[in-house]
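Hi everyone, thanks for coming. Let me put the structure up, and then we can walk through it together.

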Amino acid sequence: MKRRISVLTTNPSLGILTYSLPEGKAVAAGQLVSIPLGPRQILGMLWEEDVSNQIKIADNRLRPVSKIYDLPEASHCYRKFIQWVSSYYMAPLGAVLRMGIPFLPATIESREIKNYYVPKREWPKLTSLRQQALEKLSGEKGSVRELAEKAEVSPAVIRALIKTGLITEQKTSLEIALSLPNPDFNAPILSETQSKAAEILKESIAKKSFETFLLDGVTGSGKTEVYFEAIAQTLRDGKQSLILLPEIALTEPFLKRFQARFGCEPVVWHSDLSQARRRKNWQAIVTGQAKVVIGARSALFLPFKAIGLIIVDEAHETSFKQEDGVCYQARDVAVMRAKFENISVILATATPAIESVMQVRLGNYKEIRLAERHGSAGLPTIHVINMTEQALAKGRWLAPPLVKALTNAVERHEQGLLFLNRRGYAPLTLCRHCGHRIKCPHCTAWMVEHRQLGQMICHHCGFTMPVPDKCPECQTADSLVACGPGVERIAEETALLFPEARIETITSDTLATPKQAAEFVEKMDQGAIDIIIGTQLITKGYHFPRLTVVGVVDADIGLQGGDLRASEHSFQQIAQVAGRAGRSALDGHVFIQTYEPETPVISALASGDREAFYQTELEIREITEAPPFGRYVALIISSEKQEIAEAVGHQLGQRKPEGDGIEVFGPAPAPLLQLRGRYRYRFLIQAKRNIPIQRIIHQWLSKISIPSSVRITIDVDPYSFF
Ligand SMILES: Nc1ncnc2c1ncn2[C@@H]1O[C@H](COP(=O)(O)OP(=O)(O)OP(=O)(O)O)[C@@H](O)[C@H]1O
Ligand SMILES: [Zn+2]
């Protein structure tokens, strides 16, 4: 009988398959292999070494593994971890593995990537598409696909140009000479509290066992400096560290800061890297050359050679929640990875998630507090502006006390920040003649005017159309009016109030890449910006010493959705943006504009009594058996045909699981009934934490046959409810 092994493929619909092994080859579980499937080669990981007694396939039908990659095998802990993620989040095993191994690795023989280079020079006359491509690409390099994307032509055009020799091939080696971060390169002198905190972390790392820390320090207290000490210790031990950041725009400033402390840049992992860069970095992580990795949440799934520490920075951030594909919460996954690897994990934040606070109370996480800002900086003064008492002119959104503070700041050559979490000019456009509201044809959502682009954009599906000059419904000309403010409208008002000021709008439209973020930080540091108008993108991580005035344009926005975490998120967001003010020698002032100054969120911010706010939140959650006390799972049934989605919802509704400690709500049409052209119906399952909810849902779903046009999304511990 042949030697048999099971291989977990990175193809979600295939899962685990059985293959035979070439005689005499030594293999270990966790090794990467490629296997033949029909005419194709598929990537996978040896899952179990010898499965000869379990599998019924006849020897002659068994195909051999075609290649075993010469890379360190992933550990037993790693495979256990992938398994856990798959079963907890109810996602196919292969889909989870694919996040860690997103491409065929280079083999020993071909540790090179084909890149192409377009020389800078005058080009001969060619067909216009080719001409256009060469002009756009002058001086660029990349893979065929990357060049095609940059030039906005098809890959065939690029291939044709390669054939003519106008674009030349360049082999890039995968071996990178990485500089090693030096733990003692430029260590700061820590304050007493900071060094106590750092000592606790270092001791934990020395113990080499699983421990979760909540590094809870006010904004500007030096959390980063403290966890850098933990990284230094991990470096001394020869192990790898992973730092997760909530936003890739934050990586660039972070790289600089890291370099100043450790003498060289860490290795980066996120979606904005070129193919060649991604492959190199992946290789360095898997072989253990990369000692410190900073990345987006997907970095958690990489098969590190020797991981010794995980840090989640701004751990309360909702962007750690992945909402499509495998739905997971990276903060929780980080803790689980650390548990499987038996290492320490640090959650750093100034405004912890309720879930984390609860884990501290239960004794599962250790809390480390940094109560004061570093050096001479004090916390900013909070001013609440009761908007019901402010008589603002029509189309004006900034109240006089805020305007006055900004005026003073600009005069003193300090900087101001106006925060409004709404992209575009206005969230709603309506016809003042017939009342028609401009809506997305594919979503249950308003089209948002982006005046600078001259476009209306749907923020859910990206559908775009020109701003109409008459009402699409009643055809009346010049009857459309913008309702409510977005950042662009606030920028317009600010420009009127401060004609001399240099104003910059920062949103995901203007600050999409790490490079743009770096340019922005540079401008701020040089004092080339007086006032920033920004969305949540600007609330976290940045340290601008001359920024002294922060205005929260509409503090009530976050509470409108009214979901489970609305108050918590609103509190976190405002506290974070407030934390950008007065971070060095200059005093900071924060102005919060609200129509409801009495709500718990605003009063907690005004009084600085965070504990009381958390206490009340926890009590509400406990009474309602909401997370973290109970558990939620959302089930979303969607189809392009409304009747079909509704019918499947109805069928499932009739077979709802029942029993003690579990309650199923729905099916109900989702608040966002139509999204990207699909109609959606929702269930919300609420269960006690000891209920094996995943198993129950599996059984429930297996009771009915689901048409192929219907998609069922399972979201365990959901954050969005629309
Ligand atoms: N011991 C120290 N010596 C010198 N500079 C320090 C020290 N501690 C903190 N700083 C400086 O103070 C500023 C704030 O520190 P840091 O960014 O680490 O705070 P943080 O708690 O991570 O802030 P936030 O939560 O707002 O992002 C930084 O410029 C940092 O370099
Ligand atoms: Zn849409």
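Let's start at cysteine 458, which sits in the loop between β20 (455-457) and β21; helices (H or I, at least four residues) and strands (E, at least two) are DSSP runs, numbered from the N terminus. Before going further, please keep in mind that this is a predicted model, where local features need pLDDT of at least 70 and side-chain atom pairs count only at pLDDT 80 or more, while totals for chains, interfaces and linings use all residues. Residues are numbered from 1 along each chain as its sequence is written, and chains are lettered from A and ligands numbered from 1 in the order in which they are written.

So, is cysteine 458 buried or exposed? It counts as buried, because it has 20 C-beta neighbours inside 10 Å. The rule is that 20 or more other C-beta atoms within 10 Å make a residue buried, 12 or fewer make it exposed, and anything in between is partly exposed, with C-beta atoms placed from the backbone. Leaving aside neighbours within four places in sequence, cysteine 458 is in contact with Cys440, His442, Cys443, Ala445, Met447 and Phe463. Contact here means that the two C-beta atoms, placed from the backbone, lie within 7 Å.

Which residues does the UniProt "binding site" annotation cover? In that unreviewed entry they are Cys440, Cys443, Cys458 and Cys461. They are spread over 22 residues of sequence, yet they cluster in space, with a largest C-alpha distance of 8.7 Å.

Cysteine 443 belongs to the loop between β18 (428-431) and β19 (448-450). Cysteine 443 is buried too, because 21 other C-beta atoms lie within 10 Å. Beyond four places in sequence, its contacts include Cys458, Cys461, Leu672 and Arg676.

Now to the sheet. Six strands form an open sheet, in the order β16-β26-β25-β17-β24-β23, with parallel pairing. Two strands pair if DSSP finds at least two bridges between them. At the edges stand β16 (381-386) and β23 (503-506), each with a single partner strand, so one side of each has no neighbour in the sheet. From one strand to the next, the twist averages 20°, using axes that are lines fitted to C-alpha atoms, for helices over the stretch in contact, and angles from 0 to 180 degrees between N-to-C directions. β16 pairs with β26 (residues 589-594) over six bridges, and histidine 383 has phenylalanine 591 as its bridge partner in β26.

What about the core? A nonpolar core is a set of buried Ala, Val, Leu, Ile, Met, Phe, Trp, Tyr and Cys residues joined through C-beta atoms within 7 Å. The largest one has 159 residues, and Ala334 and Ile346 touch the most other members. Helix α7 (residues 223-236) gives the largest share, seven residues.

Finally, some backbone details. The peptide bond from proline 627 to proline 628 is cis, with omega near 5°, and proline 628 lies in the loop between α17 (610-623) and β27 (630-639). Another cis bond joins glycine 666 and proline 667, with omega about 5°; proline 667 is in strand β28 (residues 662-675). Histidine 413 is not a glycine, but has a positive phi of about 60°.

Definitions and conventions
UniProt positions renumbered as here; feature names shortened; annotations may be inferred.
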